[in-house]
Amino acid sequence: MGGGPGGRVTRPLCPVLIGRDAELHHLTTALDEAARDQGAAVILRGEPGIGKTRLARETVDAAQVRGMRVLVGRNVQHGQAPYRPLTEALFATARAGALPDTPGLRPFRHALGTIVPDWRDENGAGDQSPVVIAEGVLRLARALGGDSGTLLVVEDLHWADADTLAVLEYLADNVTGLPLVLLATLRPDPSPASDLVTRLEVRSAASVIDLQRLGPTEVAAMAAACAEGAELPAEVVDAVGARSEGLPLLVEELIAVPASGVSQAVPSTFADAVVRRMEALPAEATLVVHCAAVLGRRFDWRLLPAVTSLSEDRVRDGLAEAVRVQLLITGVDRDFRFRHTLTRDAVLSALLPPARVALARRAAQAVERDGGPGSDDTRVMLAADLWCAAGEPDVAAGRLVAAGRRALDRGALVMAERLLERARTLATGDERIRTEAAEALTEALALAPKLDDALTAGAEALALLDAHRAPTDRRARLHLLLARAADAATRWPLAGEHLAQAAALAADERLRTAVDALAAHVAMGERRHDDAERLATRAVDAALRMDLPEVACEALEVLGRRERLRDLGRAEVIFARARTLADDRGLVLWSMRALHELGTIDMLRSSSPTRLELASDQAYRAGALSLAATVDLQLAGLHAYLFEIDAALEVGTRTAEVAGALGLTEVHVGALLQLGFAHAIAGRRTEMEDAVEAALRLAGEQPEPVAWAWGHVRATASLLAEDRARAREELAVALRWAQRSAAVTTTFTALSALLRVVDGAGQDAVDDVRDVTGAQVITINQAVLELAEAALAARAGDRDGAGARAAAAESVLRRIRMDGWRHLTLRLLAEPALDGGWGEPDRWLAEAMEFFSGTGHDRVATACRDLLRRSGRAVPRPSDVPERLRSAGMTGREAEVLGLLGERLSNREIAERLYLSPRTVEKHVERLLQKTGLRTRGELGRLARDTRT
């Protein structure tokens, strides 16, 4: 229990938890609910020493008993890097190896690498926004917890940085329905964290447990427990009760005071207890503790030799003495920390202000000279805290601006914003540093992009630049940054205003070229295609002449997009040129963007997903989630066109989630519409309408999304349900909306023309579609329009020409693997072909009937069969599926796949034989395994061979 200064003092932790039964019950109930996917966020709020950490530790023990994954991280008072507690919490998982390989985590791998460097991809594109990181943490916690769930503990929330608070707010708002408990500890003092907790409590996103001081009976019970069986005199219990004032920490500290007579040795305050321990230290150990207190509650001892001017051996001796008297405790990775925040506060309060200032200056110099724990950014923030403590905030601001610029150079936008925001706050005396901080912060916010915040910071920076009569190019550069942020937010008029000001101010030709490239991008967004082409052409020529590869890539992208509306081949040449330039100059992001554009051309021309999938994979690995979501939007649509519904739903759902988290409204709308399209093909009208309505709520009255909703989604569902009248009405609505937009490149326009021609319309039906910019460039549209032209030619008496045109169009649709659309459009064309005696309507209908029987579209299959019967043609028998297989529900197409498995062909070989995609074959194999109850494709092959014999 005690001893003199030379004796060892035992740590007086109470072996049992006293007076917190109700609180612990609340927490263990939350753990049990999490195992049933009913997660919760809980905040333990209370003054220092009230027992927040002890109750959190008891919760950790309870979670481990339940088999839950436990993650624990702490905030620190000084020099905290963004996401520090999350990094600490995930450190053990990172040390154990790679991230769990689950589909839900794939989009967020690089974001998690922002907080755990061991997971970061070397080719990454900078760090991520707190919202994206939060979603990544949410998914990772779920993956790590498995069936038992995860407990994430974040201590000392009152010291959390803004980014950590943003992540925790997102977690609290989204934890319901997940096997995750978020537990945080917080002091009740005013702070951004306290404001956050209040907001969470008001909207019932978190429950708050306010810890109260112990009553006299509980204090007596705790004192007895701390005595570990020794009988305490009544006067000692009374003294502890009176002087601890019900704080559990003080009960433990008071019981542990080293003296022969406990009742006489009990100090009147906690600070007195710390002072008595300091008095028991040798002089050098006292200096070590004082310097450690300046560094923070948790510190790296390697900094102390430089701050104290003592040797490492003497510093180690001093630390050992401080540990012996329980002022310090040891941590992991060679760090130490004060036993409690109050311990450190008491040590600092014993120092006179001049002594604290002098030590803070020495500590700041030591951190800058000799380094310290964590990353360069962490050291800069720690040094800035110390310079402020030394009374030199402008020095701190200057260091932060330099660090913020370095973060910008490497693409770490979140870190740059944090460093520069603090620099701007501190730089109150030096206008030059304040101006530089405002400029750099504007750049970080514009690139993020956080448009409104960037506009605020930019206005301040411009005012400061005007006041100092800064060169016009500096102001032009700021306007260009703000224009870029407005462009990213699709606020084209605002982008144009800033571009005009940038152009008026820019004296440097290089800067004017960058203005032209961005102006071309804005013009393309506003559908001013001729202006975009003129500006981009000028920018490309100038950028290549002045060796500005990024500007050249941006301008080439605009030229490629413009050309894609006219000629896919010429567009491909432009995008390939941009990619070569980006690869040669190491511009990773621009290379991925060019690859995406090339993949888009492949999709439009041949339905090939190869380059799109490669672009998606590269973008996710690099953390370029905006680009990845855009690519996945196209992949989701392609899978749906190929009738690969499961893949379409998987990619579409992922895209909607990522776009929603990033605030990418246009992509989010598109993803919801593609999900609706997939449901339409699958015949799930209710789910389709849910997706469409969600998309239109986001999009409002914008022409293109409304056109897609009616033509791309609803009309597809109606045609596959054989509701031609409804489909005609929906396509008419879609075409009217499409004609309000400058560019709608989707297949419903051509499908509308074909349906109208089949129903008796003339050439104007085709001409209406050709008037929609870009619609006729898509290969599938060209083929479907050719089918419409075939019907018109037959009506004009050219039956041979009509048959030739239909055969050519069918060949194109077969080549691009659009089997569903090939059979659907030929099923429509078969009606006038049967009536007019041209083409191959018998074969078209027979093959369509077979296809749609296999995909479950029974109404289309039945319509094909009825058309054949009414025309007097022989209706083909169902595929020759043996009875034992037909009784298992096997379709004709599945029987064909099974037969080729018996020939030991690969999925790709089967796909080529049957004109399917490998993904479709894979799905057929999965269904065959389900229907037959077999486990491997080898067993399916043996079944096929046995069936033949």
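These legends accompany close-up views of a predicted model.

**View 1. A five-stranded open sheet with parallel pairing.** Reading across the sheet, the strands come in the order S2-S3-S4-S1-S5. Strand S2 (69-74) and strand S5 (207-210) form the edges, each pairing on one side only. On average, neighbouring strands here are turned by 15° against each other, direction ignored. To find your way in, start with strand S1 (residues 40-45), which runs parallel to S5 and is joined to it by four bridges.

**View 2. Helix H1 lying across the five-stranded sheet.** Helix H1 (residues 21-34) lies across S1, strand S3 (150-155), strand S4 (180-186) and S5. Relative to S4, H1 runs at about 150°. Look also for Asp32, which forms a salt bridge with Arg66; their closest N and O atoms are 2.6 Å apart. Asp32 belongs to H1, while Arg66 sits in the loop between helix H2 (52-65) and S2, so this pair ties together parts that are 34 residues apart in sequence. Both partners are partly exposed: Asp32 has a relative accessibility of 31%, and Arg66 has 34%.

**View 3. Helix H5, largely enclosed by the rest of the structure.** Helix H5 (residues 130-145) has 16 residues and spans 22 Å from its first C-alpha to its last, close to the 22 Å expected at 1.5 Å a residue. Of those 16 residues, 13 are buried, so the rest of the structure largely encloses H5. Gly146 follows the helix and has a positive phi, near 60°.

**View 4. Helix H8 and its buried face.** In helix H8 (residues 216-226), the buried residues are Val219, Met222, Ala223, Ala225 and Cys226. Seen down the axis of H8, they fall within an arc of 160°, so they line one face of the helix. An α-helix has 3.6 residues a turn, so residues three or four places apart point the same way. The buried residues of H8 pack against helix H9 (234-244) and helix H10 (248-255). On the other side of H8, you will find Pro216 and Thr217 exposed. Just after H8 comes Glu228, with a positive phi of about 55°.

**View 5. A three-stranded open sheet with antiparallel pairing.** Here the strand order is S6-S8-S7. Strand S6 (298-300) and strand S7 (328-330) are at the edges with a single partner strand each, so one side of each has no neighbour in the sheet. Neighbouring strands are turned by 30° against each other on average, direction ignored. Three bridges pair S7 with strand S8 (residues 335-338) in the antiparallel sense, and Phe336 in S8 is the bridge partner of Thr330. Helix H15 (residues 312-324) lies across S6, S7 and S8, running at about 105° to S7.

View 6. The structure holds 78 salt bridges. Glu460 lies in helix H22 (residues 451-467) and Arg424 in helix H20 (residues 413-426), 36 residues apart. Arg424 is buried, at 18% relative accessible area. Glu563 is buried, with 10% relative accessibility, whereas Arg566 is partly exposed at 38%. Salt bridges that share partners join Asp530, Glu533, Arg562, Glu563, Arg566, Asp567 and Arg570 into one network.

How values were computed
Residues are numbered from 1 along each chain as its sequence is written. This is a predicted model: local features need pLDDT of at least 70, side-chain atom pairs count only at pLDDT 80 or more; totals for chains, interfaces and linings use all residues. Side-chain values use heavy atoms; hydrogens and water are left out. Buried means under 20% relative accessible area, exposed over 50%, partly exposed in between (1.4 Å probe, protein chains only). Helices (H or I, at least four residues) and strands (E, at least two) are DSSP runs, numbered from the N terminus. The arc is that of the directions from the helix axis to the C-beta atoms. Contact means heavy atoms within 4.5 Å. Two strands pair if DSSP finds at least two bridges between them. Axes are lines fitted to C-alpha atoms, for helices over the stretch in contact, and angles run from 0 to 180 degrees between N-to-C directions. The expected span of a helix is 1.5 Å times one less than its number of residues. A salt bridge is a side-chain nitrogen of Lys or Arg within 4 Å of a carboxyl oxygen of Asp or Glu.
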